[in-house]
Amino acid sequence: MVGGIAVSPGVALASALVVKNEDVAFDRAAVAPGATDLEIERFKGAVEKSAAQLANIAAQVEKKLGADKAAIFEGHLMLVEDEEFSEAVIEKIREQRFPAPAAVEDVVNEHAAAMEELEDEYLRARAADIRDLGHRLVLNCLGISPQGLELIDNEVILVAEDLTPSQTATLDTSKVKGIITEKGNRTSHTAIMAASMEIPAIVAADGATSLIKDGEMVGLDAEHNRILVNPTSSQLDQIKYQQEQYRIERKQLEELRELPAVTTDGVEIKLAANIGSPSESGPAVSKGAQGVGLYRVEFLFMEKSESPDEEEQYQAFKSVVDDMQGRPVVIRTLDVGGDKDLPYLALPEEANPFLGCRGIRLCFERPGLLVKQLRALLRAGVHGDVRILIPMISSLDEVRRFKEFLAEAKASLEHDGISHADKLPVGVMIETPAAVFLAPHLIRETDFFSIGTNDLTQYTLAVDRQNERIADLFEQLSPAVLMSIKQATDAAREEGKPVCVCGQMAGDVLSSLLLIGLGVEELSMSPVHIPRVKSAIRKHSRAELRELARKVLALATADEVRAKLEKYLS
């Protein structure tokens, strides 16, 4: 049995597909003078094979996931067919007697390094594409088939050291029945994306890629945090039983779909969905979401080989607004930096990226990027209830500066004669201690708060949530975090303005009840968690949850808080 942290509910049974993104080793020694023609043919064969693979991938991805995701691979296809690139590789083979994979690797590194030095932002961004393409060509030179996650054609449980957000975004959920990764935690993007796609997942499974072999049968029980490799007959029966129990529970919860999340003393709690792409808004409604509480636009940017233009963003936003049919849609402006990188932005390395140029700081640094988003948001606002959320706020000056950009975007649309919303509600993401302390000032100049408990915990406790060495210090039930939530919530309520929690705590039954006791009346979460949270809310009164929160806030440690909550629910 392999251990880990269950981050997305469900039970799965399928064969393992072990994904390893390791560098390949090959002989770089000079080939014999008479062997260069063979190496050139080897390279040309790899180009032909890579082109066919990329064309196939682009076609399949377009069919399954749409043209926007297919564009990534179409861009790679153009690069593999570039004549200048081929001539450089062939010259290196012919003149320096490099073996084909070494020639490809050298030319790729030279081109990528040169492009990374260019001033033009777009051209610098092409370096990442060249390196990706080079890896595919080297593998094909060596006769190794590149492993593409988007082409999985049978039911599997993915086992990997980790998955990038873009890898996760292109998974076919009809084939990938479960995810096991060695890295990650409850708030990693693999965890968030797996939950949003309703794929059972366990992360931080130490040694999983070594302990689990390709093709081995794996039972993944994310309800009880268990991974069984080659389960025995009795274990197999147990896994199948758990699958059936999970199916029955989901069916029972589905019956609550049309019912409101109302406490037994009549207080309605609004439950919304966190989504990462337009394709998730429809399923969110089917889970009973009363709106989109957090649309993370990062994935729209990550799926592309270049920054999406205004029209692409507008169409994506409009699609979500249309699906929501009048329900509110909270769209957060681009929040990259920290653990989220966009290769085509060529973001410089920072010693402390989570304390560096991320979120709204990056957008201020690149105003063209921000204004393009704001124009798209204002245009989408004519189709429904669109609200703008600003990430990584730590001062009132940032809010005022943001509003200036919003006014500039509006003026430019007016100048261009393009239809747009006259005014959109603007909210602040409460995720830094500064935002908590400034909450009374921030709420007076904005329309709502959204509390991101993942980053709020990180910054309040000074714990990098990606650092596995200190993972045990990342504690969302810390009294310090709870008091921060209470302080920000009280500030919003005193001004009569709404406050929502959109972090991981909102989707956890235990934490969600505590948040309601702290005064929160809106929760946004991965849609998969909505039914369980709704079921729990309908069993408790707000009065008793307030009393529970009052007692919890008097406790001194997270362990004491957890024990109190577990005792309450038992």
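Guide: Start with the term itself. Rings of Phe, Tyr and Trp form a pair if their centres lie within 6.5 Å. Keep in mind that this is a predicted model. A search of the whole structure finds two aromatic pairs.

Take Y295 and F317. Their ring centres are 5.9 Å apart, and the planes stand at 90 degrees. Planes over 60 degrees apart count as edge-to-face, and that is the label for Y295 and F317. Now place them on the chain. Y295 sits in strand β9, residues 292-296. F317 sits in helix α12, residues 310-324.

Next come F364 and F405. Here the ring centres are 5.7 Å apart and the planes meet at 20 degrees, so this pair is stacked. The cut-off for stacked is under 30 degrees. F364 belongs to helix α13, residues 360-365, and F405 to helix α15, residues 396-416. The pair therefore ties together parts that are 41 residues apart in sequence. F364 is buried, and F405 is buried too.

Pick out E91. It lies in helix α3, which covers residues 83-96. Its relative accessibility is 52%, so E91 counts as exposed. The cut-off for exposed is over 50%.

Terms used:
Residues numbered from 1 in each chain as written. Predicted model: local features only at pLDDT ≥ 70, side-chain atom pairs only at ≥ 80, totals over all residues. Heavy atoms only, no water. Helix = DSSP H or I, 4+ residues; strand = E, 2+ residues; numbered from the N terminus. Buried < 20%, exposed > 50% of the residue type's maximum accessible area, 1.4 Å probe, protein only. Phe/Tyr/Trp six-rings, centres within 6.5 Å; stacked < 30°, edge-to-face > 60°.
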